[in-house]
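Hello,

Here is the structure I promised to pass on to you. Please open it first, and then read my notes alongside it.

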Amino acid sequence: TKCESGCVCADGLYENLDGRCVPADECPCEYGGLAYGKGEQIQTECEICTCTKGKWKCVQKSKCSSTCNLYGEGHITTFDGQRFVFDGNCEYILVTDGCSVNRPVSSFKIVTENVICGKSGVTCSRSISIYLGNLTFILRDETFTISGENPGLRYNVKKNALHLMFDIIIPGKYNMTLIWNKHMNFFIKISRETQETICGLCGNYNGNMKDDFETRSKYVASNELEFVNSWKENPLCGDVYFVVDPCSKNPYRKAWAEKTCSVINSQVFSACHNKVNRMPYYEACVRDSCGCDIGGDCECMCDAIAVYAMACLDKGICIDWRTPEFCRKF
C-alpha cells in the first residue's frame, strides 16, 4: 500500500540465501537451517526428498522403517510415536512378533531388565536380551555375549566409541538395526517385509498411536501402568503402582538438572528445533538428572541429551554438541 525504498529482483527472478537474484529453477531449499541447491536430496526413514524450484518434492520409500526408543530411567517412544515413562524392577518384553491368535509363533523377542539406579527408586534399563530362535544376544555391563546359533538369519555387529550396533536380517520378515550406547539408551529400528503383528512395550506398529497401550491379553489398557504390567516377562514379578517423580524426591538437584539440560533449548541445537519438538527431551533430561543421585549423574544427563541429538540425526540434522568439557566421548 506504500512505496518502500530498497532493492528488488527483476521480474521472474528470486532472491536466494546469498542475496543474489536467480531464476526459479535455481532457487535453493531450506532444511534445518541449511541451504540445499537444485537437485540435492535429503532422506528420512520413509521419504526421499529432492530440491526442485525452491521446494522439496518427496517420494515415499517402498520400505519404511520405524524406531522404538528406550532411554534413561524408563522413557519409551513407541514405533507409532506414543510416549510414556515407567518404573519397575522387572524384565519386560520390549517387542516381539507372533502376537496374533492365528500366528502365535515368534521369530524374535527383545527383553529389557530394569535395575534400581538411585535412592529415589527410579530405574535404569541396564540389560537387554535379544532372542532369535536358538540364537541369543545379552547386552550388559558395557559389553555383549552371543550364545547358540540360528542359520536362518544374518547378523553383523559394529562398534564405535559410543555405541554397539547390531544389524539383523530375518529373511522375508524383518531388517533390524539395534543401537545400544552401552548404558541406558537402546534404539530398535525395524523395517518389515511382512504384515506380521508386533507387540510389547514398543507398541503394535500399526501407524496408530492411540491403540499402542495394547496389553498381552489383546485389549487397550486404560492407563500406562496397566499396560506396562501386562508385559512383564515373569508374571510373578511385582506390579508397578505409581511412577516416581525424581525432582520432587530430590529437589536440591532440580536447579542443576534444569541448568545442564538447557543445552537442548540453546543455540547449539537451534538447527533442529523446528524439526524435532525439544520439550519432551528436555523434560526427560531434567527428570533423569534429578533421579541419578548415586554417582553417574553427568552420565544420566549426557545420555538424555544424546537421545535428542539422535532424533535430530534421524531428520538429517547432525549436531556437534559434545566438547572435552561437556559430555566428552571418552
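Below is what turned up, starting with a sheet and moving on to a pocket and one proline. Please keep in mind that this is a predicted model.

Seven strands make up an open sheet, in the order 10-9-8-19-18-17-16, and they pair in the antiparallel sense. From one strand to the next, the twist averages 15°. Strand 10 (83-85) and strand 16 (154-159) are at the edges with a single partner strand each, so one side of each has no neighbour in the sheet.

- Strand 19 runs antiparallel to strand 8 and is joined to it by six bridges; S66 has I190 in strand 19 as its bridge partner.
- Strand 9 also pairs with strand 8 in the antiparallel sense, over three bridges; here Y71 has H75 as its bridge partner.

Strands 8 and 9 form a hairpin with three residues between them, and G72 in the turn has a positive phi of about 60°.

**The largest pocket**

Where does the largest pocket lie? Domain 2 (65-230) and domain 3 (246-315) both contribute residues to its lining, so the pocket lies between them. Its volume is about 1,100 Å³. The lining has 40 residues, and L162, H163, N181, A306 and R322 lie nearest the centre.

Strand 17 (164-170), strand 18 (174-180), strand 19 (186-192) and helix 6 (297-314) each supply at least two lining residues. Helix 6 gives the largest share, with 10 residues. By type, the lining divides into 20 nonpolar, seven polar and 13 charged residues.

**One proline**

P246 belongs to helix 2 (residues 246-249). Is P246 buried or exposed? P246 is buried, because its relative accessible area is 0%, and the cut-off for buried is under 20%. P246 is 18 residues from V228 in sequence, and their C-alpha atoms are 19 Å apart in space.

I hope this helps you find your way around, and do write back with any questions.

Best wishes

How values were computed: Residues are numbered from 1 along each chain as its sequence is written. This is a predicted model: local features need pLDDT of at least 70, side-chain atom pairs count only at pLDDT 80 or more; totals for chains, interfaces and linings use all residues. Side-chain values use heavy atoms; hydrogens and water are left out. Helices (H or I, at least four residues) and strands (E, at least two) are DSSP runs, numbered from the N terminus. Buried means under 20% relative accessible area, exposed over 50%, partly exposed in between (1.4 Å probe, protein chains only). On a 1 Å grid over the protein atoms alone, a cavity is a set of points where a 1.4 Å probe fits but cannot get out, and a pocket is an open set with protein on both sides within 12 Å along at least five of seven lines; lining residues have an atom within 4 Å of a point. Grid points are joined across faces, edges and corners, and a volume is the space filled by probe spheres set on the points. Ala, Val, Leu, Ile, Met, Phe, Trp, Tyr, Cys and Pro count as nonpolar, Asp, Glu, Lys and Arg as charged, and the others, Gly among them, as polar. Domain bounds come from an automatic or database domain assignment. Two strands pair if DSSP finds at least two bridges between them. Axes are lines fitted to C-alpha atoms, for helices over the stretch in contact, and angles run from 0 to 180 degrees between N-to-C directions.
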